[in-house]
Amino acid sequence: MAWHRNDVRPSTATRRRAWLVVGLLFAAGFVNYLDRSTLSIANHDIASEMHLSPGQMGALLSVFAWTYALLQLPAGALADLLGPRVMLFAGMTAWSVAQVASGFVRSFGQFLIARGALGIGESPMFTAGARAVVDWFPVNARGLPLGLFNGASSFGPAVAPPLLTALMLAFGWRAMFVLMGLLGAGVSLAWILLYGTPERSGVPEPDLAALRAGETVRAGPVGWRVWAGLFRVPTTWAMVGGLFGIVYVTWLYVSWLPAYLEEARQVSVTRTGWLAAIPQAAGFAGACLGGLLSDALARRGIAPVASRRIPTVAGLLLAAVFTAGSAFAPDIATGLGLMSAALFCAYGAGSCSWALGATLAPADAIASLEAVQNVGGSLGGALAPLLTGLIVERTGSFIPAFLVAAVIAALSGVSYALVRSDAYAGLAAPDRASADETQGAASGGLRG
């Protein structure tokens, strides 16, 4: 369904293989976000057993994102150079080991190290995954597969509260960490056994041509010239600022929603597991529909970049409104409704933002650009739990924390509005630029 009706379609076998790749990526992203959610689900029990303050818990919740952010740039470059098969296998294996180790920590310092290692292992996940989608789908049909892949980032947190709460109540929080690490190791093995690029998988030449349809710019091998070029483009910084807000507002809910329900709304641990899943389920729906919407806009004649940018900006602005409203919700039902709407819009914007990067970037530098953009997201993910913990500790209320998130989401929507469709035209490799420009004109300027 992702290919447009008038496109030259790859063979059925190639399309099935492409969707197998999406399935593998979804499974990896799902486990990825289960692992990230373990600490927030066990927040209360860990803090009680290890005698940790809200500020210390905020540090534990955020240290993952700091190491994740620091590794984004090298992970993105390596994903373009080595390919997603190697990078995702290495990353999944490393984060699974770190997750198992978290079940055996005995001090705050050991826990910080284990969570930091988790961030290092997870750093290639979404940049390398985006590169895999680009390898298997043409430029004007990447919205839906990227939306489904990004949907794992909300589906995982949606399933995590009831699933992880049940495991924690049955076996304890330490066993929960170990079991999740073993699950990640299984997905890592499946990836290395089943994934290959179209070229390595023996895809026929006509199918390869269909998969590469619409690509207008090639940067050549990713090196210093391409990297320096990315950082010189204002659109790059607009995307960094935009994803900062998307991840900040989503991680506010991922990391602190269970504690908010228990502490601010006096909900029991068992009931919290189910209630916290509701907004995340809405986020999953938003992530999937965001990809569908961006592809639908492209089919109606809107240029691919604009078809990704418009719903990204709108989603962030709406997420800001709903998050601000949830701060003053008079009861749990109203609060969960507003939070669900906020996450629906925020994850929808997230899907479109990843598709935006995959549409803007030179085809062989997509993981690099997505990695740069994701530095902003990583910083947002690092600051959201830490700043929220400090705000709650000092004010005794979650209301200021929600209002801060709303302002950040609105500013990030403005940042994405500044993205230019022709921002990376100058990065074409000198020996390919002329031919690529000709192809771009023939294809109707699909990058614009």
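Trainee: At what angle do the axes of helix H12 and H15 cross, and within what distance do they come?
Mentor: The axes of helix H12 (residues 234–263) and H15 cross at roughly 35° and come within 11 Å. Axes are lines fitted to C-alpha atoms over the stretch in contact, with angles from 0 to 180 degrees between N-to-C directions; helices are DSSP runs (H or I, at least four residues) numbered from the N terminus. This is a predicted model, with pLDDT of at least 70 needed for local features and 80 or more for side-chain atom pairs, while totals for chains, interfaces and linings use all residues. Residues are numbered from 1 along each chain as its sequence is written, and side-chain values use heavy atoms, without hydrogens and water.

Trainee: Which residues make the contact between H12 and H15?
Mentor: H12 contributes Gly242, Gly245, Ile246, Val249 and Tyr253, and H15 contributes Thr312, Leu316, Thr323 and Ser326. Contact means heavy atoms within 4.5 Å.

Trainee: How many residues of that contact are nonpolar, polar or charged?
Mentor: The contact of H12 with H15 holds four nonpolar, five polar and no charged residues. Asp, Glu, Lys and Arg are charged; Ala, Val, Leu, Ile, Met, Phe, Trp, Tyr, Cys and Pro are nonpolar; the others, Gly among them, are polar.

Trainee: Changing topic, how many cavities are there in the whole structure?
Mentor: A search finds three cavities of 30 Å³ or more. On a 1 Å grid over the protein atoms alone, a cavity is a set of points where a 1.4 Å probe fits but cannot get out, and lining residues have an atom within 4 Å of a point.

Trainee: What is the volume of the largest cavity, and which residues are closest to its centre?
Mentor: The largest cavity has a volume of about 240 Å³, the space filled by probe spheres set on the grid points, which are joined across faces, edges and corners. Of its 21 lining residues, Tyr33, Arg36, Val247, Trp354 and Asn374 are the closest to the centre.

Trainee: Which helix gives the largest share of that lining?
Mentor: H12 does, with five residues. Helix H1 (12–41), helix H3 (54–70), H8, H16 and helix H17 (366–395) are also among the elements giving two or more residues. By class, the lining of the largest cavity has 12 nonpolar, eight polar and one charged residues.

Trainee: What about the second largest cavity: what is its volume, and which helix gives the most to its lining?
Mentor: The second largest cavity has a volume of about 70 Å³, and H12 gives the most to its lining, with four residues. The lining includes Ser37, Pro157, Tyr253 and Gln280. By class, this lining has nine nonpolar, three polar and no charged residues.

How values were computed
1 Å grid on protein atoms, 1.4 Å probe; cavity = no way out; pocket = protein on both sides within 12 Å on 5 of 7 lines; lining within 4 Å.
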